[in-house]
Amino acid sequence: MTKCWTKAEVIHSRGGVNMLLTDEEKQMLNGDMGPAVKKAMEILVALGESFRAEKMQPIKNVHMAGSSVLVTEEAGTMFVEEMQRQGGKFVTNVTTNPTAIDPSQWREIGIDESDYELQNRLTGAYAKLGANTCNTCIPYLAGNMPRFGEHMAWGESSAVVFANSVCGARTNREGGPSALAAALTGRTPKYGFHLKENRYGKFLVKVETPLNDMTDYGTLGYFTGKIAGQDTPVFFGIPDNPTLEELKALSAALASSGAVSMFHAVGITPEAATLDEAFGGRLPEKVLVFGDKEKSAAEAALNKEPSDHVDWVLVGCPNASVQEIREVAEALQDKKVAPNVSLWVTTASSMYAMADRVGYVRVIEQAGGTVVRETCPFLARSRVIAPKKGYKTLTTNSAKMAYYAPGQFGLPTHYGNLKRVMQAAINGVWR
Ligand code: F3S
């Protein structure tokens, strides 16, 4: 398609900035491609002009943030249904984030029928629009792996950080409406992390303590995110060869305690072969140290529950990979989850299928645990589930979940590595 950049009609003028639209984009905005596309382009132009974007970026890849009815509720669900009824059709690859239900065992894990029904409407509307309703926050393990330099419109903060930092793809943190609009048009406003000049590091974090497992990476992310705000950190001193699971834990925690969209790890992430490259030749605005003292303080801050009481144990935030499910199964081999404890291992249906095929799911279920698909305590209605099930605490190896649980659904947390968390699940107490 020929790129013909012409001045757009001034429809949404904010701050004196008017976006330059192609002829095709002007047709979308004028309604020539139907009311759903017109509405979508109006959303994108309003968003773009508010961020002073000069033009749209063509994209082929969207990850939909507003996939749970806990986020969309009835009004948002009706909006998605309306887009579909008006003839909207996704023109990009679209994957969806976790929902508010496990479709196969929603009742058993404490989800209300009203959420089940509303969720089926929302997921059904996304499917009719053309989404791959994989319903996971690790789309990169479920068939949507971004490539280096690829422009995208992704929601789900942990996946955004992973995509920008580990894959070297380019995306802002999209909300539900802007991701939906991007999927209907194949466009996203070109600003923020789509532009190379906004992708350089702002401050340096010297890692001076061992990072032994994904929980340590999550703790580092929590510590850094609290200081970062929206700024991009550059890590120096991370071990040479972190696992995918460790990098996803770091990504998730950075995007929870902070509004981080990207990090650099020198020698590890694709745009940070050297410190100089990570900072774009500039000096860091500040230098922090993450040492033993900082690590202990961050862990203590995430351990909000003073008692040793354990009732709800969560592994799989971000959703568990097959490797993590295997580690849980190994910890439960010839053991049982304590009778007063519910163990959730949250994952994607595709991870479940693979883990089931190789026997990990059977081991976990025979030990009394539950491999939960397509939802998590954050995107299910945990303020309803917890009292229904009598949960008073949450025990987890995830810094992101430990950060959110007290405020979002009122459960104080025990936070530690997988070994400690699995011991708590088996013994029924936190040591
Ligand atoms: Fe994923 Fe839910 Fe955690 S969406 S990152 S498992 S809070």
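Me: Before we start, where do the domain bounds come from?
Reply: Domain bounds here come from an automatic or database domain assignment, and the model they are applied to is a predicted one.

Me: OK, which domains does the assignment give?
Reply: The protein is divided into domain 1, covering 57-195, domain 2, covering 200-300, and domain 3, covering 303-427.

Me: How many residues do domain 2 and domain 3 each put into their contact?
Reply: Domain 2 contributes 15 residues and domain 3 contributes 16 residues to that contact, while the centres of the two domains, taken over C-alpha atoms, are separated by 26 Å.

Me: Switching to the ligand, which residues are closest to it?
Reply: The ligand is surrounded by 13 residues, of which Cys137, Cys317, Cys376, Phe378 and Lys400 are the closest.

Me: And what is that shell like, in terms of nonpolar, polar and charged residues?
Reply: Eight residues of the shell are nonpolar, three are polar and two are charged; as for the space that the ligand takes, it is the largest cavity.

Me: Where does the ligand lie relative to the domains?
Reply: It lies between domain 1 (57-195) and domain 3 (303-427), because both of these domains give residues to the shell around it.

Me: You listed Cys317; is its peptide bond to Pro318 cis or trans?
Reply: The bond from Cys317 to Pro318 is cis, with omega near -5°, and Pro318 itself is found in the loop that runs between strand S12 (312-315) and helix H11 (322-332). For context, most peptide bonds are trans.

Me: What about phi at Glu73, positive or negative?
Reply: Glu73, although not a glycine, has a positive phi of about 50°, and this residue lies in helix H3, residues 69-85.

Me: Now the sheets: what is the strand order in the one with S4?
Reply: That is an open sheet of three strands in the order S5-S4-S6, with parallel pairing; strand S5 (93-96) and strand S6 (153-154) are the edge strands, each pairing on one side only. Strand S4, residues 61-64, is joined to S5 over four bridges in the parallel sense, and Asn61 stands opposite Asn93 in S5.

Me: And the sheet of four strands, which strands stand at its edges?
Reply: The order in this open sheet is S10-S9-S8-S11, again with parallel pairing. Strand S10 (264-265) and strand S11 (287-290) stand at the edges with a single partner strand each, so one side of each has no neighbour in the sheet.

Me: How many bridges join S8 to S9?
Reply: Four bridges join strand S8 (residues 203-207) to strand S9 (residues 233-236), and the two run parallel, with Lys206 standing opposite Phe236 in S9.

Definitions and conventions
Residues are numbered from 1 along each chain as its sequence is written. This is a predicted model: local features need pLDDT of at least 70, side-chain atom pairs count only at pLDDT 80 or more; totals for chains, interfaces and linings use all residues. Side-chain values use heavy atoms; hydrogens and water are left out. Two strands pair if DSSP finds at least two bridges between them. A residue is near a molecule or strand if one of its heavy atoms lies within 4 Å of it. On a 1 Å grid over the protein atoms alone, a cavity is a set of points where a 1.4 Å probe fits but cannot get out, and a pocket is an open set with protein on both sides within 12 Å along at least five of seven lines; lining residues have an atom within 4 Å of a point. A molecule sits in a cavity or pocket if more than half of its atoms lie within 2 Å of its grid points. Ala, Val, Leu, Ile, Met, Phe, Trp, Tyr, Cys and Pro count as nonpolar, Asp, Glu, Lys and Arg as charged, and the others, Gly among them, as polar. Contact means heavy atoms within 4.5 Å.
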